[in-house]
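Reader: I have the model open and would like to learn how to read its packing and pairing. Could you walk me through it?

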Amino acid sequence: MKSSDLLIPTVKEAPNDAKIISHQLMIRAGLISKLASGLYSYLPMGLRVVQKVEKIVREEMNKSLAQEVLMPVSQPAELWQESGRWEEYGPELLRFQDRHGRDFCMGPTHEEVITNIAKQYLRSYKQLPMNFYQIQTKFRDEIRPRYGVMRSREFIMKDAYSFHIDEASLAETYQVMHQTYCNIFDRLGLNYRPVLADSGAIGGDSSHEFHVLADSGEDAICFSDGSDYAANIERAETLPQGDPSAPTQELSVAETPNVKTIDDVCTLLGIPSNTTIKTLVVDGDDGNLVALVLRGDHELNEVKAAKIDGVAQPLAMADEEKVQKALGCAFGSIGVVNPPIKLVVDYAAACLSDFVCGANEDDKHLTGVNWHRDTPDFVAADLRNIVAGDPSPDGKGKIEIKRGIEVGHIFQLGTKYSDAMNANVVGENGKSVNMNMGCYGIGVTRVVAASIEQNHDDRGIIFPEAIAPFQLVIVPINYNKSSRVKTLADDLYQQCLDKGIEVLLDNRKERPGIMFADSELLGIPHRMVISDTHADNGNVEYKARNAPEKIEVIYGEAADFIVSKLA
């Protein structure tokens with residue numbers, strides 16, 4: 001295509017609310033246009049990128065023998081009430097009523113709809129397994145939509161759902177989908193990692209996330225330096241660290257007036273934070289309180305904590321007034337010596353000796369505290385976020401932590417939805433069997449933003465070739481003034497089209513600097529420059545977007561040269 005035929009509204013400055021690189025560059029490059037908070041229109045160049053992602057996703061899903069369908073965005077409340085998620089899902093589910101007063105929602109995902117379809121049309125185990133997918137718009141009413149299309153309210157997603165007679169069949173398809181996702185992200189040209197993950201609100205047991213590695217990533221991804229172990233920090237387990245050493249100090253009381261935090265305690269007493277204990281009190285499932293105990297320098301993992309026996313669902317920090325009544329002190333003074341509530345102690349905290357903790361009395365702390373001697377009754381568990389340098393959960397090597405952007409997630413749902421919605425088939429023995437299900441999602445529009453976060457420089461986007469809006473841009477200098485340049489540029493443009501190259505001819509009446517800047521901002525992988533000088537010497541200037549050097553290429557070989565670069 002020619003630039004004169006396209007809307008390419010590039011701008012020099014990004015809006016003030018664009019905080020991350022992908023948001024800034026997608027606005028500046030004219031890929032998207034903001035309509036309202038969390039709502040964006042995709043302009044021609046942006047849509048070309050999205051469609052290329054969709055094409056790769058569709059091709060690989062079809063290779064996996066998944067069948068494409070298209071389900072409604074609007075979903076009746078009855079289905080969500082049947083699955084139990086109408087209230088469970090929370091305010092992200094946008095609910096509305098039609099003109100007849102019937103309740104509906106805008107679909108953030110489609111487990112209920114696809115289960116209803118399977119319930120209607122799948123009758124026998126002989127039809128299984130079956131895997132259905134769609135590429136479609138989703139809506140989640142995010143409380144704080146931000147980062148452009150990275151966390152928007154409306155987005156394009158590929159979601160797939162598989163149905164199986166048993167867990168063994170589900171496990172087989174799960175592995176097929178795992179490999180399919182690897183194939184997709186390989187073709188997209190992304191540096192990514194599949195990691196063990198928590199299933200969250202979707203439910204189910206086994207789960208993997210696919211993360212594009214980028215410094216701006218919201219998620220912490222844990223890797224072993226001695227194996228292929230990888231997990232989301234929410235899922236990464238920590239290991240028991242053995243028994244504490246024998247006590248060497250006597251239990252004593254230290255006055256700590258107005259001291260509320262671990263940092264304050266350490267400063268006052270002149271001790272490192274890894275010799276202290278912090279105690280967080282949460283609601284128990286029986287109406288009582290539960291104390292979660294961590295080493296002072298560690299952070300609570302709320303996903304792990306929510307799974308502890310006796311902890312109320314959802315996880316909630318206890319009311320301070322209730323804590324004051326039960327323990328006789330405020331939050332900053334809670335300790336572990338003889339508390340009247342259940343103690344669950346993180347593995348790393350459980351191996352400490354001679355440590356410092358609150359005294360269950362305001363403005364006082366205890367020093368020289370030791371487990372078993374001073375606090376015999378507690379349960380050890382994995383409660384914290386893993387940190388760099390911890391042993392890998394698989395026993396091989398140490399943990400390293402990087403940032404990642406989640407772009408895909410696969411789940412083994414089991415019978416969560418088929419049980420709730422009575423989706424069954426006749427089994428081999430003639431009896432009714434509720435189907436096992438899998439769920440597999442890719443954030444199509446999120447992939448675009450994640451790719452930019454991973455691939456950019458100070459001049460703009462550096463798109464992987466597979467998803468760039470065009471493969472080549474031809475920049476003719478003085479195209480509208482020099483007949484020789486125009487003839488050469490038009491001829492090379494046609495040669496490239498004839499060879500199947502996706503080429504953009506920048507025929508605008510702009511200065512060369514502006515055309516160069518726009519081509520780099522847009523992230524087009526290859527650039528050819530034609531000028532009167534090149535008309536004289538029979539060459540064209542070539543430059544790759546991700547390389548600093550420029551080279552001269554014989555004009556008559558230019559189209560074949562680009563074909564060789566694309567091979």
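This is a predicted model: local features need pLDDT of at least 70, side-chain atom pairs count only at pLDDT 80 or more; totals for chains, interfaces and linings use all residues.

Reader: Which residues of α2 meet α12?

Author: Contact here means heavy atoms within 4.5 Å. By that test, Val49, Val50, Val53 and Glu54 in α2 meet Val444, Thr445, Val447 and Val448 in α12. Sorted by class, this contact has six nonpolar, one polar and one charged residues; Ala, Val, Leu, Ile, Met, Phe, Trp, Tyr, Cys and Pro count as nonpolar, Asp, Glu, Lys and Arg as charged, and the others, Gly among them, as polar.

Residues are numbered from 1 along each chain as its sequence is written, and side-chain values use heavy atoms, leaving out hydrogens and water.

Reader: At what angle do α2 and α12 pack?

Author: Helices (H or I, at least four residues) and strands (E, at least two) are DSSP runs, numbered from the N terminus. Axes are lines fitted to C-alpha atoms, for helices over the stretch in contact, and angles run from 0 to 180 degrees between N-to-C directions. For α2 (residues 44-63) and α12 (residues 444-454), the angle is about 115°, and the axes are 9 Å apart. The two are therefore roughly perpendicular to each other; angles under 35 degrees count as roughly parallel, over 145 as roughly antiparallel, 65 to 115 as roughly perpendicular and the rest as oblique.

Reader: And how is α2 oriented against α6: parallel or antiparallel?

Author: Helix α6 (residues 167-187) packs with α2 at about 150°, again with axes 9 Å apart, and the pair is therefore roughly antiparallel. Here Ile56, Val57, Glu59, Glu60, Met61 and Lys63 in α2 meet Met177, Thr180, Asn183, Ile184 and Arg187 in α6. By class, that contact has five nonpolar, two polar and four charged residues.

Reader: Now the strands. Which strands form the open sheet, and in what order?

Author: Two strands pair if DSSP finds at least two bridges between them. Four strands form an open sheet in the order β14-β15-β16-β19, with mixed pairing. At the edges stand β14 (277-283) and β19 (379-381), each with a single partner strand, so one side of each is left without a neighbour in the sheet. From one strand to the next, the twist averages 30°. Seven bridges pair β14 with β15 (residues 289-295) in the antiparallel sense, and Lys278 stands opposite Leu294 in β15.

Reader: Which strands pair with β20?

Author: Among them is β10 (residues 207-213), antiparallel to β20 (residues 399-414) over seven bridges, with His211 opposite Glu406. Strand β11 (residues 219-224) also runs antiparallel to β20, joined by six bridges, and Cys222 has Ile401 as its bridge partner. Six bridges join β20 to β23 (residues 436-443), again antiparallel, where Ile410 faces Tyr440.

Reader: Last one: is Ala77 buried or exposed?

Author: Buried means under 20% relative accessible area, exposed over 50%, partly exposed in between (1.4 Å probe, protein chains only). Ala77, in helix α3 (residues 77-83), is buried, with a relative accessible area of 1%. Leaving aside its neighbours within four places in sequence, Ala77 is in contact with Trp86, Asp103 and Phe104. The C-alpha atoms of Ala77 and Asp103 are separated by 5.3 Å, though these residues are 26 apart along the chain.
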